[in-house]
Amino acid sequence: MRRLALYLVLLCAAATAGYGLTHYLRSRQPEDQWVWLRREFHLDDRQLARIRSLHDAYQPICADHCSRILAARQRLAELESAGRRDTPEYAATLRAWDGIKHECQEATLRHLETVAAVMNPGDGRRYLALMTPRVIHSDHRAPLGIH
């Protein structure tokens with residue numbers, strides 16, 4: 001009987017711990033990207049405001065690139081599903097898609113350099129070291145975000 005009581009107490013403790021852990025993990029909010037950027041790169045109010053301004057100014061450029069990349073990808077998918085991979089139109093669309101991806105990559109790298117220039121030199125270099133590979137290796141299927 002004592003053994004059964006011990007098992008029941010342990011079972012209740014495990015269930016309570018599981019519930020508590022689940023509740024804690026579900027209630028946690030992901031850290032805001034600006035909070036992360038400020039903390040990670042030691043930004044003061046002026047630096048953060050300037051970077052937010054640069055980010056806001058870059059958003060329309062990024063949105064344009066994204067919409068053009070999406071349109072080219074959709075057209076390629078349409079041509080593929082129609083069995084038209086070996087057509088001049090497919091080749092032209094593929095070249096256009098590659099060109100837009102390159103344009104996006106170059107513009108984003110310039111933007112990152114502008115953002116890094118607002119930071120303290122060491123933090124700016126670390127920011128570029130973190131973000132540049134993400135841009136270079138992006139498949140252009142999702143936004144990069146700032147972290």
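How many of the 147 residues of the protein chain count as buried, as a percentage? The answer is 27%, where buried means under 20% relative accessible area, exposed means over 50% and partly exposed lies in between (1.4 Å probe, protein chains only). Please keep in mind that this is a predicted model, in which local features need pLDDT of at least 70, side-chain atom pairs count only at pLDDT 80 or more, and totals for chains, interfaces and linings use all residues. Residues are numbered from 1 along each chain as its sequence is written, and side-chain values use heavy atoms, with hydrogens and water left out.

**Overall fold**

- The protein chain has 5 helices and 0 strands, and its pattern along the sequence reads α-α-α-α-α. Helices (H or I, at least four residues) and strands (E, at least two) are DSSP runs, numbered from the N terminus.
- Taking contacts (heavy atoms within 4.5 Å) between residues at least 6 apart in sequence, 57% join residues at least 24 apart.

**Helix α3**

- With 37 residues, α3 spans 51 Å from its first C-alpha to its last, close to the 54 Å expected at 1.5 Å a residue; the expected span is 1.5 Å times one less than the number of residues.
- After α3 comes Gly 83, which has a positive phi, near 70 degrees.
- Buried residues of α3 include Leu 48, Ile 51, Tyr 58 and His 65, and their cover includes α2 and α4 (88-118).

**Two residues of α3 to look at**

- Gln 47 is found in α3 and is buried, because its relative accessible area is 3%.
- The side chains of Gln 47 and Asn 120 are joined by a polar contact of 3.5 Å. Such a contact is a pair of N or O atoms within 3.5 Å; within protein, one must be able to donate a hydrogen and the other to accept it, and residues adjacent in sequence count only if both atoms are side-chain atoms.
- Leaving aside residues up to four places away in sequence, Gln 47 touches His 42, Val 118, Met 119 and Asn 120.
- Ala 57, also in α3, is exposed, because its relative accessible area is 52%. Its C-alpha atom is 10.0 Å from that of His 111, a residue 54 places away along the chain.

**Aromatic rings**

- The whole structure holds 2 aromatic pairs. Rings of Phe, Tyr and Trp (its six-membered ring) pair if their centres lie within 6.5 Å; planes under 30 degrees apart count as stacked, over 60 as edge-to-face and the rest as tilted.
- Trp 36 and Phe 41 pair edge-to-face, at 5.5 Å centre to centre and 85 degrees between the planes.
- Phe 41 and Tyr 127 have ring centres 5.4 Å apart and planes at 90 degrees, so this pair is edge-to-face.
- Together, ring pairs link Trp 36, Phe 41 and Tyr 127 into a cluster.
- Trp 36 counts as buried because its relative accessibility is 12%, and Phe 41 because its value is 1%.
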